[in-house]
Amino acid sequence: MADAAVEFLLLNLKQLLVYNADLISGVKEQVESLYNELSMLKAFLKDSTENRSEYEIVKELVRQIRVVVYEAEDVIDTFVVHTSLQKARSGFSKVIHGIDYPGKLRIVAKEIGSIRKRVDDLYRKQSFGFGVIQQQAGEKSSRGSPDKKAPVVEEENVVGFDQEAEILVARLNGGKEEMEVVSVIGMGGLGKTTLARKVFTGPVIEYEFYIRAWIYVSQEYSRREVFLGILNSINKLTDEMYKWSDEKLAEELRVHLHCGRYLIVIDDVWTKGAWDDLKMAFPKNNNKKQGESRREHTSFIHEAFKLLRVLEMRSINLPVFPVKMKELVHLRYIALHGDFEILPASISYLWNLQTVIIETTSRTLKVEADIWKMLQLRHFFTNASSRLRGPPTNAWKSGKDPLVRRNLQTLSTISPESCTEDILARTPNLKKLGVRGKLRTLMEEKGGSSLFDNLTKLDHLVTLKLLNDTFPDRPSSGSLPPLYKFPPNLKKLTLADTLLDWEHMAILGILPKLEVLKLKDNAFKGERWEPLDGGFRLLRFLQIGRTDLVHWKGSSHHFPRLHRLILKHCESLKAVPSGLGDVSALQIIEVYHSSRTAVASVKQIQTQKQQGLAINQLKLLIYPPE
């Protein structure tokens, strides 16, 4: 009951903060604080589910949470009713009927704070089974869960080729009894690897093929290295195997692949002979193998070029945008690189486009193209700060907005000024958003609201990038919005040049679904970081870029599911917390251009895990090598 009560109250508080802020104007600060505290308690309730009946103190804390949540709910509901009535009264009557609701909320918040303190003590001491619970959670994530998901590999989202990917997935799931080789064939630059990656990382394939590996071959390859690479990808490689012959490696690989359905992608195969050289390792059971072959065609027919559906030209620097591009009306995917400052309106005529990727040497890109006319558009990528055109002001007709683009899933990167309600309200299914520019414009409140508020309603948003580009000015210290303003289903967050104080990590720590956190150069500043207990419950990937951080304190319960840690240019950092050695899910630490003491600390963590007979041995990558 406590779980449901907290969930229900959090939902109500968010509704008030986002949609009805005028009704709580006198107590908004207290309501925000209440929301943050309850989010932490929600994490505790999840952690304690399995051992409430076993420990009396845990059971009592859960009971107290339930009581205080009901009390808070009563105070909030009464205050909202009171505010509504007050608006209808005269000035004198308002004074007479005034009640100290801020005071009541402060009392409730104090009770919740007291409970939080006791919850924090449990986490710190790892009392009553909490350390065990978190270790078990880590082991489950590292061994593989029942839903057959492959180990986490941090990759950028693959976009485009939706129809082609569906055809390929259907082919792979065709259900034939014998092994099948599926080739993706075409001239260089058409996007074969992009298509293969989209299929390989798709949820259907992840579910159907528990054994999956991706290996790069190219023209010059070693059969032995290919076999060792596949064994490593499926976590079956041992030190002894490096001494084996090709034939013995092939036999060992065949044994492991025979255990279930497998999908092996062999990238950049140039000849049929290469496949003939490798096929000895693959059993002929009900499994699949997907290959990519290069075939170069030297002749082009001009009319056939007009039927082109995929145009990948990022390897060529274009001084101006191609004028004749608008004739390629069958294009589904276009990727260009050049010195572009404007994306011309003519691209709007390519009404079949699903994916647009524009790389430019310019820091900004003025988008004259009318994306609201491009009905099939799903993904819009640029590396510049792109200023989008808003929809026409006369778009609304008979109560229905015809310019809502439910297909659009990616906008990255756009300018802060483009994050208006007019634009984001018409992209309700957006999954990935990148914002580049002066982020102060995005965060700054005017009249009680900010442009960031428009992100709050993006219920499908999974990936968010916030890049603070203030050139030619130097970036100044930034801030984060309160927790309730973040999109509710955010899983991946990237920050760069935001110069946040480490205390803001407390907000990120209680984002309920955060799995990947990339802190690029100068994302945070300050010499000391000590995470709060109960945060980062689902975080699996953490990257920390250039920073002046010196002291990082932390324990295993701060990052119970952390799988991969990357440090880049952390030259002032004295050590990585030794407590990370107790995170059973931790498998990879990468350290680039960081202090010697930080390198020594990760080596000590590796030794600690080896001595503890951990199921997953820790892999270290240190550059430059010592």
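Contact means heavy atoms within 4.5 Å.

## The model and its chain

This is a predicted model, in which local features need pLDDT of at least 70 and side-chain atom pairs count only at pLDDT 80 or more, while totals for chains, interfaces and linings use all residues. Residues are numbered from 1 along each chain as its sequence is written, and side-chain values use heavy atoms, with hydrogens and water left out.

The protein chain has 17 helices and 23 strands. Helices (H or I, at least four residues) and strands (E, at least two) are DSSP runs, numbered from the N terminus. Of the 626 residues in the protein chain, 50% are buried. Buried means under 20% relative accessible area, exposed means over 50%, and partly exposed lies in between (1.4 Å probe, protein chains only). Take the contacts between residues at least 6 apart in sequence: 62% of them join residues at least 24 apart.

## Helices α10 and α11

Two packed helices are described by the angle between their axes and the distance between the axes. Helix α10 covers residues 223-233, and helix α11 covers residues 246-257. Their axes come within 10 Å and cross at roughly 30 degrees. That makes α10 roughly parallel to α11. Axes are lines fitted to C-alpha atoms, for helices over the stretch in contact, and angles run from 0 to 180 degrees between N-to-C directions. Angles under 35 degrees count as roughly parallel, over 145 as roughly antiparallel, 65 to 115 as roughly perpendicular, and the rest as oblique.

The crossing of α10 past α11 is left-handed. Left-handed means that the near helix is turned anticlockwise from the far one by less than a right angle; right-handed means clockwise. On the α10 side, Arg223, Arg224, Phe227, Leu228, Ile230 and Leu231 make the contacts. They meet Asp246, Glu247, Leu249, Ala250, Glu252, Leu253 and His256 in α11. The buried residues of α10 are Arg223, Val226, Phe227, Leu228, Gly229, Ile230 and Leu231. Just after α10, Asn235 takes a positive phi of about 60 degrees.

## Helices α7 and α8

Helix α7 (residues 162-172) and helix α8 (residues 192-200) also form a pair. Their axes come within 10 Å and cross at roughly 60 degrees. The two helices are therefore oblique to each other. Their crossing is right-handed. Asp162, Glu164, Ala165, Leu168, Val169 and Leu172 in α7 meet Leu195, Lys198 and Val199 in α8.

## Two buried threonines in loops

Thr456 sits in the loop between α15 (439-443) and β13 (463-468). Thr456 is buried, at 5% relative accessibility. Its side chain reaches the backbone oxygen of Asp453 at 3.1 Å. Leaving out residues up to four places away in sequence, Thr456 touches Lys14, Val18, Tyr484, Lys485, Pro487 and Pro488.

Thr498 lies in the loop between β14 (492-496) and β15 (500-501). At 8% relative accessibility, Thr498 is buried too. Its C-alpha atom is 9.6 Å from that of Lys438, which is 60 residues away along the chain. With residues up to four places away in sequence left out, Thr498 touches Leu439, Leu466, Asn468, Ser476, Ser477, Gly478, Asn522 and Ala523.

## Cysteines

How many disulfides does a search of the whole structure find? The count is zero. A disulfide here is a pair of cysteine sulfur atoms within 2.5 Å. Cys419 is buried, with a relative accessible area of 0%. Cys570 is buried as well, at 1%.

Definitions and conventions. Polar contact = N/O pair within 3.5 Å; in protein donor to acceptor, adjacent residues only side chain to side chain.
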